[in-house]
Amino acid sequence: MINRRIRSLKNRTFVWVCRGVTAAMISVLFILLYHVGQEGIGWLDKQFLDSFPSRFPEKAGIKSALWGSVWLIGMTATFSIPLGVATAVYLEEYAPRKIWVRAIEINIGNLAGMPSILYGLLGLAIFVRFMGLEDSLWSGSLTLSLLALPVIVIASQGALRAVPREIREGAYALGARRWQVVFGHVLPCALPGIMTGVILALSRSMGETAPLIMIGALSYVAFLPETPSDPFTALPVQIFNWAARPQANFHGLAAAGILVLLALLLTLNASAVFIREKLQRYKP
Amino acid sequence: MISKFIDHALHWTLVVCVAITVITTLVVVIILGKESYLFFQEVPVFDFLFGTRWEPLLEPKSFGVLPLVVGTMKIVFGSISIALPVGLMIAIYMSEFTSDNVRSIVKPFLEILVGIPTVVYGYFALTFVTPMLRKLFPEMNIFNAASAAIVVAIMIFPMVTSLCDDAFRALPRSLREGAFALGATRYEVAIQIIMPAAASRIGAAVVLALSRAIGETMAVTLAAGATPELSLTFLESIQTMTAYIVQVSLGDIQAGGVEYMTCYAVGLLLFLMTLVMNILGNHFQLKSRVSQ
């Protein structure tokens, strides 16, 4: 009898400990947001959004970083989305079930787990030095594209796999060729899933700092990029630069920059959720 | 006829796209290998791997990578010793003790934590965690391993939770019901039945989380400092392998210079460590999924 009571007590204690741990870890998110908000909100004004970086905290802003990030994400999307979706289509719809296809898939899994700083070393050696693109938007966006590629492939493969067999078989039964089946029927069905994965991959690469530092993204850029060959800075790089300085004023600027970055990422992620909920024609 | 031509043309276009992922891997291996080869022409491999002093930028130069490896390991073991119990407990709680409602509330929060850029965690460590810790340990350095390990733990525990949760949910109901029928409490089922049954996938989750922690860059660069020391305390400034690569690239690197090559030698070591862990982790994950 006593034994039974002890066991039930253990059970209840464990549940409460688990509840406590879960609540504590969720509250970490709120502490982080509150801390950043409290430090940064005072610096976040129109002047901050509309000024170039400066040695004087009162005059500094994120105009060039904000536009650099917009350029980067646009170019990265242009390169990585077609490549990633095409790779996923090949692997799911065309490739024979052979061992070398399996090897390619394992390789993509490993690329997705490779630390981002190694993509930076790759970009530095290939795009910056070998291809002579210097510290331009080309180098930055090509490096980020390679980083986003495996994530997009894996997400798109999942979306393609979720398309029911009947859709393919129905199209084949009517005499469609493989490309007609894939592009006329399978891809449109998988599109919401693919778009969700793509947006998540892009928002991840938008927050990447290390690869951009490796390829030499400058933190002091007092002009807006006008062509893809221009040097650039990006929001995370600018935030890193301010956070790495000892003065408290610059920490405030970093926090304000973080607020802008998080607002952008939140918009992207919210649109991913929206697409997933609203556009999904086939709910598995 | 045209339709057939399109079919073939498209097929080969897609093959070219797939080839890019393979080429990326090959190029990474070739670049890291080539620069490291040049580096090891000047510095013996043994001195690099087992040397205890890392002073590549100042005279007299010394290229022992151990201090950087020890710095990385401090972050890795410090963070996993927080992230494993925390991540595992939340996963057990979500899969064994509550309804799906709780999961649908908790999961989005974990996804947000994963989505926050690492530079933000670096800022958080530097301006919030470190000042908090310094109230407890006044002698602590502003840059220290403890604070970086704590934020890296916050970054990797959602991964542990989500992989373990998937593993627990994949276990058949009959396993739990058999134990309940014998009079076991939920706690006993979770600890004595569910966790052992999912052991290999828990292991896979830990290995994948470790690999993530090894490659973590911005949080440790901002919070852990830039002094490669061979020590065991968590209160002092350290330098990790990733933070060293960033430090060098923030200065002006001369291509072909010895600093440039050290980056790639350290990068090669980082690549091999994470590659082995990712292969092991993915392998265990898939193997146990098939056997279930």
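Biologist: Against which helices do the buried residues of helix 8 of chain B pack?

Modeller: They pack against helix 1 (2–40) of chain A, together with helix 3, helix 6 (145–170) and helix 7 (173–181) of chain B. The structure is a predicted model, in which local features need pLDDT of at least 70, side-chain atom pairs count only at pLDDT 80 or more, and totals for chains, interfaces and linings use all residues; side-chain values use heavy atoms, with hydrogens and water left out. Residues are numbered from 1 along each chain as its sequence is written, while chains are lettered from A and ligands numbered from 1 in the order in which they are written.

Biologist: Which residues of helix 8 of chain B are called buried, and what makes a residue buried?

Modeller: In helix 8 (residues 186–197) of chain B, the term applies to B:E188, B:V189, B:A190 and B:I194. Buried means under 20% relative accessible area, exposed means over 50%, and partly exposed lies in between (1.4 Å probe, protein chains only). The helices themselves are DSSP runs of H or I with at least four residues, strands are runs of E with at least two, and both are numbered from the N terminus.

Biologist: Why is B:S36 called buried?

Modeller: B:S36 has 2% relative accessibility, and therefore counts as buried. This serine belongs to helix 1 (residues 2–42) of chain B. Apart from neighbours within four places in sequence, B:S36 is in contact (heavy atoms within 4.5 Å) with B:Y264, B:A265 and B:L268.

Biologist: How do you know that B:S36 has a polar atom beside the backbone oxygen of B:Y264?

Modeller: A polar atom of the B:S36 side chain and the backbone oxygen of B:Y264 are 3.3 Å apart.

Biologist: Why is A:K63 called partly exposed?

Modeller: The relative accessible area of A:K63 is 22%, so this lysine is partly exposed. A:K63 lies in helix 3 of chain A. Neighbours within four places in sequence aside, the contacts of A:K63 are A:F48, A:L49, A:D50, A:S51, A:F52 and A:L224.

Biologist: What makes helix 3 and helix 8 of chain A oblique to each other?

Modeller: Helix 3 (residues 63–94) and helix 8 (residues 178–206) of chain A pack at about 140°, with axes 9 Å apart. Axes are lines fitted to C-alpha atoms, for helices over the stretch in contact, and angles run from 0 to 180 degrees between N-to-C directions. Angles under 35 degrees count as roughly parallel, over 145 as roughly antiparallel, 65 to 115 as roughly perpendicular and the rest as oblique. Helix 3 and helix 8 of chain A are therefore oblique to each other. By class, their contact has 14 nonpolar, 4 polar and 2 charged residues; here Ala, Val, Leu, Ile, Met, Phe, Trp, Tyr, Cys and Pro count as nonpolar, Asp, Glu, Lys and Arg as charged, and the others, Gly among them, as polar.

Biologist: Is the crossing of helix 3 and helix 8 of chain A left-handed or right-handed?

Modeller: The crossing of helix 3 and helix 8 of chain A is right-handed. A crossing is left-handed if the near helix is turned anticlockwise from the far one by less than a right angle, and right-handed if clockwise.

Biologist: What angle do helix 3 and helix 9 of chain B make?

Modeller: Helix 3 (residues 66–97) and helix 9 (residues 199–215) of chain B pack at about 140°, with their axes 9 Å apart. That makes helix 3 of chain B oblique to helix 9 of chain B. Helix 3 of chain B also passes helix 9 in a right-handed crossing. The residues of this contact divide into 10 nonpolar, 2 polar and no charged.

Biologist: Why are helix 8 of chain A and helix 1 of chain B called roughly perpendicular?

Modeller: Their axes come within 8 Å and cross at roughly 75°. Helix 8 of chain A and helix 1 of chain B are therefore roughly perpendicular to each other. In this contact A:R178, A:W179, A:Q180 and A:F183 of helix 8 of chain A meet B:S3, B:I6, B:D7 and B:L10 of helix 1 of chain B.

Biologist: How far apart are A:E92 and A:Q157 in sequence and in space?

Modeller: A:E92 and A:Q157 are 65 residues apart in sequence, with their C-alpha atoms 6.4 Å apart. A:E92 lies in helix 3 of chain A.

Key
Polar contact = N/O pair within 3.5 Å; in protein donor to acceptor, adjacent residues only side chain to side chain.
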